[in-house]
Structures are given as structure tokens and as C-alpha cells.
Amino acid sequence: MRHFLAVVAILVSACADAGDVDTHEAEVSPELGKDDAASEITVRAGETTLWVNKAVALREGPNGREFVLRGRTSRTLTDGRGFIFDDVYGDFTKKSPRVFELTWPLSTARSLVDGVDQFIGMSFTHSSSRPDNLTARTVVRPRLGEFTGSSKIYLVAELQPVIVAGTVMYRITGRTYGANTGIRLVVDNVDVGSVTRVDSQAFTIDLEPNVALAYIANGVDLQVIADFTTGGVDKHGKLALSIKKLGMTAGDVEAVWPPGVCATTTKSCLEALPDSALDLGGCGEAVKVNACANQIGAVFVDDVSFTAKLHAAGQQLATPAARTDANALVGTDRADQWLYAAEQHVNSHLERMFGRWFLGASTRDAQLDLAVTRGFDYAYARPFDAVEPHEPVPGDAAAMRHVAADAVLAELARMDLVHSEFSRSLEQLVSQYRARHLESIKAFRETITAEPYMTTKNVYVGDWLGVYTEVVIDRATGHVEYTLVEID
């Protein structure tokens, strides 16, 4: 694939009451190339030139970390403001007569990164021959840079915000030179992102926006690993924010860049998809796809659908079967706490779905059911995120068994099972083998007999999903000495 970067300048004539008004737009290619070294992007309209730094920098501000867009003009500024149509967005500061900055606290930058039209209103010293007011539009993208590693992996520099399962995801697009057998994105030795192998060479990796923003804020190294029959190779990069589009006009900003327009091509693309479609990235970027949500018969996660699923989950937790599970998992004395916590986990997962939209009601309901399942899986896998473990009681055999069972659960929650012989997360394993998981923990909690170890310790030996599991407890204090779940 040829690496190139083009800055495309498009001169558009717009009609205003006062006569013809020039609107100038420039767009940065999503690819990486030699022109990437250019630090600024430039437009000219109303006999005025605007230069903006392509990099949206991150720095420490007076109220915490903030993103900063820096620009300069060919004329003297008198004032300015940042806005998204009717809403103020971004803090405008004039740094010198012709230099300005627009800043956003890290905590409020999500809309910017999603790709909204960010406007900058600028006022200039009065001129009889040039407009006193101009409006710039910027569109920002997460962008990969600082690449190192194998040339067998190619990554498109720009991440595209897309709609997947009713919400925005930031998509990395790439390919390998030669057929790969697998793709992974790794951060700090942990697999992250949602990987899709489009074919034997092409792939995409979707990141949740809050995760991507954290990677940007912390300068995290992203490692893409491609496996081949001959072995694996990797490529490294870092995420930052960068200008995707820059435009400027002296005309009516809503006429030049109309808000919330559902393009005919986007609408037609969405209408051609089956109701079951979750990945809408093929129909365009998230902002444009979202603009069509109310025009294609989409269904939303609203109060009614949310409440119905939460109520059904509550009824499930009220059954004798759920009580039996709770007794096995955390003990009869902690069962009520766990049942309440499990409902809260479900509620939390459902809340993340609120406001999402789908192409069909059955698809929406299936995704809500999946959220409920994930809430239950988390509760079964990590019960002590919300329930207090048992206190050690020296000399009490039943208390020691509870402590041993709790220790196994704590050890499992700590372990990296994805990079073990299981190759799956704890939640995935517990979801697939829930009965065996409960059986293993129940045995430690109720039936396993302590074996003397040395002269001062008890050892409890069992298994978890068929894996040798051992807990050693100091007999005098009742505290756990160590826990072993023997997974390769």
C-alpha cells in the first residue's frame, strides 16, 4: 500500500445576502506520508488567512489537563469564541494580536473527539474592504503516530469514529503484507480492543472512546501483533489528537455547514442493511450516521425497554436457583448481599445501553439481554467487588473453609487468564462453565477437609474447572498464607 498524505483544498462559493462569500476548506488525508511533517493546516477566506496547528496538544492547565488547539490569523483579532451551533464549547483565549488558543478540559473533550463540527467565531479590527467576522470549522480525529516495528503491518494513521451496537467506537484500520493467522492489540501485556479480521490480510480494531482517551492522556504504547505461519511480528504506535478538517467562511455558518443533516447516501446505506446489523461503519462516520437515526425507523433503548429488562433480571435473582447459587458462591451469610450486588451490576451494564439506537426492536432487545448476561457474568466472576469476604476466625473449621473459598475467588480475580491455557477472561470462563465454577467454590466452602501442613498450617486442596487448586491457612490466626491455582 502506498503511503501518502494529501492536504486537499476545496474552494466553495456560498451565496449570502451581501453577495458572494468564499468558503475555503482543507482536509488531511487519513493516511501517513511525507507531508505529515507539516505542522499546520491553512485556509483563506474573506481576504484573511488562518493557520491552525494540526496537533491538538495535551497540557496541564489551570484547572487540570486540557486539550489545546492553537491558531493564528493574518489580521488582528479583537475577540473570539468556541461553539457547537447554539452551545458554547471550548474556551477561547487571545494570546497575542493574531494568535489564539481554544481549549477543552480532558473531562469534556469526548464530543470533540467524536468528530463534531467545532466552530471558532473570530472578530477582527474593522475594515471597509474585508468582513469583520469570520467563522472557522474544525473536525478532530484520534490519530496514530510515532510508529516503530515491522513493515509487514500497515496501520491507517487516522481512527474513524463509527457506530457499533448503537454507540460510538474509534476504529483502527490496518492490513498485513501476506496472510495473517491472527491480530491482537496489546497494552501493558493485556489484550485490548475488539478485533475483526475482515479477510486474511485486512483487519479493524475498535476502541471504546473512554479507553482511547485514556491512552491519549497517558501516552500509552499500543502494540499491534500479527501472527503468521512463520511466526509473529509487531508494530508500535501512540495515539494523539489531530485536525482532520479545517474550513473558514464569512457566510452563515448554518447555511455553509448545516447541522444534523442526514445525507441521502448515508440514509440509503442504512436502509439497505438488515435489522440485525450492529456495525454501521460501512455507512460512514459516527456523526453522519447518527444524523439519520430518527429518519430510518430506528428503535432506541428508552425507559420502557430498560425497565423491562431490569425487572426481568430482578425476578431471576428472586428464584430459589439464584439463592442456591449465592449460597455456593459467597456463603449463606453473604447471599443477600451478593443478590443485591448482582442486580446492581446488571443495572450498571444496562445503564451503559441507555439512549443507544438500533435498526430493529429484536436487535435492541438482544443487545439488552447481552448486557444483562454480562452483568451476571461479572457478579459470578468477581463477587467480592461488592461483597465483603469472610473474616478469619482462628480454630473455627467452618470459618477457615469460607476464608479458603474466598481466597480462591480473590486469586482468580487477580490472574491473567487470557494469556493462560484457557485463553479467555474470567468472565468468559465463568459464563461458559458457571455450574462447574460454583461447584468448585462450594466444595471449598462446605466440604473440603483441611489437611495438616507442617505443624502450624492447614492446607485445603480442590480444583477449579479441573485445575489443581490449593489454599494454605495459618492455623493460629486463620489468615491465608498463599493460594495456588495451577494454570500454565
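Start with Phe306: in this predicted model, Phe306 has a relative accessibility of 13% and therefore counts as buried, since the cut-off is under 20%. Phe354 is another story, as a relative accessible area of 43% makes this residue partly exposed.

In one of them, the ring centres of Phe306 and Phe354 are 5.9 Å apart, and the planes meet at 80°, so the pair is edge-to-face. The two partners come from distant parts of the chain, 48 residues apart. Phe306 belongs to helix H6 (residues 303–317), while Phe354 is found in the loop that runs between helix H8 (335–351) and strand E23 (357–358).

Trp338 and Tyr380 make an aromatic pair too, and theirs is edge-to-face, with 4.9 Å from centre to centre and 75° between the planes. Trp338 is part of helix H8 and Tyr380 is part of helix H9 (residues 361–381), so this pair ties together parts of the chain that are 42 residues apart in sequence. Both Trp338 and Tyr380 are buried.

Aromatic rings can also gather in a group. Phe83, Phe85, Phe119 and Trp257 come together as one aromatic cluster.

Arg72 places its charged end over the ring of Trp51, at 4.2 Å from the ring centre. Lys235 does likewise with Phe147: the charged end of Lys235 sits over that ring, 5.6 Å from its centre.

Conventions: Residues numbered from 1 in each chain as written. Predicted model: local features only at pLDDT ≥ 70, side-chain atom pairs only at ≥ 80, totals over all residues. Heavy atoms only, no water. Phe/Tyr/Trp six-rings, centres within 6.5 Å; stacked < 30°, edge-to-face > 60°. Helix = DSSP H or I, 4+ residues; strand = E, 2+ residues; numbered from the N terminus. Buried < 20%, exposed > 50% of the residue type's maximum accessible area, 1.4 Å probe, protein only. Lys NZ or Arg CZ within 6 Å of the ring centre and 35° of its normal.
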